[in-house]
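Please keep the sequence and the model in view.

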Amino acid sequence: MTTQLLLRYDSFDRDAHDAHAEDRANAGLTQLQLWREASGAHWALFDVNDADRAKAWVEKESGLGHGPSAHHMLETA
């Protein structure tokens with residue numbers, strides 16, 4: 001099974017997002033897709049190499065106040 005992480009950002013800064021690419025890679029995440037809603041919210045889809053490290057990254061980012069507004073860990077069926 002493949003695990004993916006879907007993140008929703010109500011507020012999104014593309015430069016900050018790009019600057020943290022190495023941190024996400026170190027957490028076992030590979031960005032697959034980025035979408036923008038008409039409302040300005042952004043969704044990002046990541047392939048997950050290590051679910052525990054990915055969950056820890058989401059918790060850390062949320063704790064720092066600049067994490068996603070919602071996140072969903074998904075597995076292919």
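Two strands count as paired if DSSP finds at least two bridges between them. Strands (E, at least two residues) and helices (H or I, at least four) are DSSP runs, numbered from the N terminus. This is a predicted model: local features need pLDDT of at least 70, side-chain atom pairs count only at pLDDT 80 or more, and totals for chains, interfaces and linings use all residues. Residues are numbered from 1 along each chain as its sequence is written, and side-chain values use heavy atoms, with hydrogens and water left out.

**Sheet**
- Four strands make an open, antiparallel sheet, ordered β2-β3-β1-β4.
- β2 (29-36) and β4 are the edge strands; each has a single partner, so one side of each lacks a neighbour in the sheet.
- The twist averages 20° from one strand to the next (axes are lines fitted to C-alpha atoms, and angles run from 0 to 180 degrees between N-to-C directions).

**Pairings**
- Seven bridges link β2 and β3 in the antiparallel sense.
- Trp35 has Trp43 in β3 as its bridge partner.
- β1 joins β3 (residues 42-48) through six antiparallel bridges, and Tyr9 stands opposite His42 there.
- Six bridges also join β1 to β4 (residues 70-75), again antiparallel; Gln4 stands opposite Leu74.

**Burial**
- β1 (residues 3-9) is largely enclosed by the rest of the structure, because six of its seven residues are buried.
- Buried means under 20% relative accessible area (1.4 Å probe, protein chains only).

Conventions: Buried means under 20% relative accessible area, exposed over 50%, partly exposed in between (1.4 Å probe, protein chains only).
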